[in-house]
Amino acid sequence: MKATLRYLAGVAGPSGFGSNSTAEQVTQNCSCSLPSHLTALITGASSGVGAETARVLAKRGVRVVIGVRDLRKGKEVRDNILKESPNAEVILLKIDLSSFASVHRFCSQFLALDLPLNILINNAGIFSQNLEFSEDKIEMTFATNYLETLLDKMIETAEKTGVEGRIINVSSVIHSWVKRDGFHFNDILNGKSYNGTRAYAQSKLANILHAKEIARQLKERNARVTINAVHPGIVKTGIIRAHKGLLTDSLFFIASKLLKSKSQGASTTCYVALSPKLEGISGKYFTDCNESKCSSLANDELEAQKLWNNTYALLQKRLRQATL
């Protein structure tokens, strides 16, 4: 109850920011301390929180590479950023994260640019009320929301530049809805007993487990790269509108008044990406620009390792097929 009241009142936490803070506010004092020539790659930045994240990072002088499925929408985002920040560098690349072949092409195109990679924001996500499969025969929500990485490039960049790399997985508080007996890798992939909300929650749980396991691996390798998961808050975006059919108009109207704006929704991602206060902080979960608690399942290191091992095996198999 106290947490809810703090959220509604926008009370600031230890970071000095809270639920009402915007992405511009939390990065306002970061610009002067940022290393020069940072490059951030953001997936799912063609609209909503992703687009706002790209806008604010570009405004702070970060080179932004936007990975999108819809190039037309991506160009609109790029044009809007350049209108506000004419000196910004915004690169647009096409990627469909539900397709391993597309991911492979995207990675090849990005590496061919010979750019550093300092910040990787895994923002892309979908919510589907109906069961859909990717071209690789994997349930679409899980495939799009989870299977993405450019880890080796980040480690290499950090070694060459001496600048800490940061990975941010955009998750959701909804991850806590998943119970241990309902989280099975094969069932997730094949969409067994599909439920849209459950599939979305499972993919967001996977985002946190992925961050936990990668944080462990990075520490083991003494890599100067951190990875954290964030909950942006419940933001009025296309994903929320997909739920409207489940609510009456009156309930949706009331609920919409409690939702964050896009700028408030992007604040935690931008804070974790740029704040000097988070140097060396890895494997954590943030809400409203402050470290927070996630579910016990999301904190399970053995579950995180198991999910990573299963996913890695699947990735290697599909990527080999994509190169044939």
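Helix α13 (residues 267–274) is largely enclosed by the rest of the structure, because eight of its eight residues are buried. Buried here means under 20% relative accessible area, exposed over 50%, and partly exposed in between, with a 1.4 Å probe and protein chains only. The buried residues of α13 are Ser-267, Thr-268, Thr-269, Cys-270, Tyr-271, Val-272, Ala-273 and Leu-274. Helices (H or I, at least four residues) and strands (E, at least two) are DSSP runs, numbered from the N terminus.

The model is predicted: local features need pLDDT of at least 70, side-chain atom pairs count only at pLDDT 80 or more, and totals for chains, interfaces and linings use all residues. Residues are numbered from 1 along each chain as its sequence is written, and side-chain values use heavy atoms, with hydrogens and water left out.

The protein has 14 helices and eight strands. Of its 324 residues, 55% count as buried. Its accessible surface comes to about 15200 Å², and carbon and sulfur atoms hold 51% of that area. Accessible areas come from the Shrake-Rupley method with a 1.4 Å probe; for residues, only the protein chains shown count as cover. Among contacts between residues at least 6 apart in sequence, 77% join residues at least 24 apart. A contact means heavy atoms within 4.5 Å.

Strand β1 (residues 39–43) is largely enclosed by the rest of the structure, because five of its five residues are buried. In a regular strand the side chains alternate between the two faces of the sheet. In β1, Thr-39, Leu-41 and Thr-43 point one way, while Ala-40 and Ile-42 point the other way. β1 pairs with β2 in the parallel sense over five bridges. Two strands pair if DSSP finds at least two bridges between them. Gly-67 in β2 is the bridge partner of Thr-43. Between these strands the chain passes through helix α3 (residues 48–59), and this β-α-β crossover is right-handed. A crossover is right-handed if, with the strands pointing away from the viewer, the path from the first strand over the helix to the second runs clockwise. β1 also runs parallel to β4, joined by three bridges. There, Leu-41 has Leu-120 of β4 as its bridge partner.

Strand β2 (residues 63–68) is joined to β3 by five bridges, and the two run parallel. Gly-67 has Leu-93 of β3 as its bridge partner. The chain crosses from β2 to β3 through helix α4 (residues 71–84), again in a right-handed β-α-β crossover. β3 (residues 90–94) is largely enclosed by the rest of the structure, since four of its five residues are buried.

The largest nonpolar core has 43 residues, of which Leu-41, Leu-150 and Leu-218 touch the most other members. A nonpolar core is a set of buried Ala, Val, Leu, Ile, Met, Phe, Trp, Tyr and Cys residues joined through side-chain atoms within 4.5 Å. At least two residues of this core come from each of β3, α5 (100–112), α7 (151–161), α9 (196–220), β6 (225–231) and α14 (301–323). α9 gives the most, with 10 residues. Leaving aside neighbours within four places in sequence, Leu-150 is in contact with Leu-41, Phe-106, Cys-107, Phe-110, Leu-117 and Leu-120. A second, separate core of 38 residues includes Ala-54, Val-68, Ile-119 and Cys-270.

Within α7, the buried residues are Leu-151, Lys-153, Met-154, Ile-155, Thr-157 and Ala-158. Gly-162 follows α7 and has a positive phi, near 75°. Lys-212 lies in α9. Not counting residues up to four places away in sequence, Lys-212 touches Gly-283, Cys-294, Ala-298, Asn-299 and Ala-304. Of these, Cys-294 is buried, with a relative accessible area of 14%. The C-alpha atoms of Lys-212 and Tyr-285 are 9.2 Å apart, across 73 residues in sequence.

Most residues other than glycine have a negative phi, and most peptide bonds are trans. Asp-114 has a positive phi, near 55°. Asp-114 sits in the loop between α5 and β4 (119–122) and is exposed, at 64% relative accessibility. Cys-289 also has a positive phi, near 65°. Cys-289 lies in the loop between β7 (285–287) and β8 (290–292) and is buried, at 1% relative accessibility.

A disulfide is a pair of cysteine sulfur atoms within 2.5 Å. By this rule the count comes to zero. Cys-289 is in no disulfide; the nearest cysteine sulfur is that of Cys-270, 8.8 Å away.
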